[in-house]
Amino acid sequence: MLTLKQIRYCLDILEEMYPDADCELSHSNAFELLVAVILSAQATDNLVNKVTPDLFRKYKSPEDIAAVETEELEKDIKSIGLYRSKAKNLKKMATTLLERFDGEVPESKESLESLAGVGRKTANVVASVAFGEPAIAVDTHVERVSKRLGICRWKDSVLQVEKTLMKKVPKEEWSATHHRLIFFGRYHCRAKTPRCEECPLLSLCREGQKRMKQKK
């Protein structure tokens with residue numbers, strides 16, 4: 001496990017590598033972001049971004065989604081995985097926004113998690129990106145990088161990873177660190193082909209050092 005000093009070094013390197021890391025899901029308001037994040041479950045941001053321009057032109061509000069037939073909504077998002085369950089969740093989410101939140105996306109994580117299709121990760125993303133709430137959303141990239149670097153333990157659950165990061169990363173850096181870990185995992189420390197040989201964190205990364213030895 002890395003020490004706090006070593007973690008500070010990692011955070012500084014990540015900031016140098018990705019100073020402008022931010023949410024890559026295309027959106028122009030909190031409602032669009034919520035829809036996009038729900039659609040992104042087990043799908044890439046690139047795939048979601050191909051669908052949402054037409055989707056957001058057609059569905060501009062919770063009222064639009066609540067009113068449409070589920071079958072029609074399914075057709076509109078069919079190119080994204082799990083489109084049937086996602087269409088149902090979007091319908092339920094939109095109806096709940098209208099019935100409980102006056103058609104507005106709530107700011108609190110607890111309220112966000114009460115919406116269909118919204119788990120802890122999605123709530124953290126929306127709270128952070130849309131409303132500036134400090135949060136660390138643990139997706140596959142964040143979990144992989146945190147464990148490979150030794151910030152967290154391999155056996156840690158997603159919730160344990162989140163709590164460990166919240167404890168070891170300064171609160172004012174939570175949201176930025178979340179995005180930088182995603183960028184690092186998406187473009188550098190990739191799942192199948194991590195770029196260990198050119199990684200500035202190799203000296204601290206036992207996983208990377210092990211991979212390099214195996215290449216020799």
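First, the ground rules. Residues are numbered from 1 along each chain as its sequence is written. The model is predicted, so local features need pLDDT of at least 70 and side-chain atom pairs pLDDT 80 or more, while totals for chains, interfaces and linings use all residues; side-chain values use heavy atoms, without hydrogens or water.

UniProt, in an unreviewed entry, places "domain: HhH-GPD" at residues 39-187. Its positions are in the numbering used here, feature names are shortened, and annotations may be inferred rather than shown by experiment. That span is 66% helix and 0% strand. Its end C-alpha atoms lie 21 Å apart. Helices here are DSSP runs of H or I, at least four residues, and strands are runs of E, at least two, numbered from the N terminus.

Now look at helix α9, residues 140-149. How do its axis and that of α11 cross? They come within 8 Å, at roughly 85°. So α9 is roughly perpendicular to α11, a label for angles of 65 to 115 degrees. The axes are lines fitted to C-alpha atoms over the stretch in contact, and angles run from 0 to 180 degrees between N-to-C directions.

Who touches whom? Contact means heavy atoms within 4.5 Å. From α9 come H141, V142, R144, V145 and S146. From α11 come H178, L181, I182, F184, G185 and R186. By type, they are five nonpolar, four polar and two charged.

Helix α9 is mostly covered. Eight of its 10 residues are buried, meaning under 20% relative accessible area with a 1.4 Å probe, protein chains only. Among them are K147, R148 and L149. The buried residues pack against α1, α10, α11 and α12.

Take E207, in helix α12. Is E207 buried or exposed? E207 counts as buried, because its relative accessibility is 14%. Beyond its neighbours within four places in sequence, E207 contacts R148 and W154.

Last, the cysteines. A disulfide is a covalent bond between the sulfur atoms of two cysteines. The rule here is a pair of cysteine sulfur atoms within 2.5 Å. C10 is buried, at 1% relative accessibility. C196 has its closest cysteine sulfur in C205 too, at 6.3 Å, which is too far for a bond. C196 is also buried, with a relative accessible area of 9%.

Technical notes
Buried < 20%, exposed > 50% of the residue type's maximum accessible area, 1.4 Å probe, protein only. Parallel < 35°, antiparallel > 145°, perpendicular 65-115°, else oblique. Nonpolar A, V, L, I, M, F, W, Y, C, P; charged D, E, K, R; others polar.
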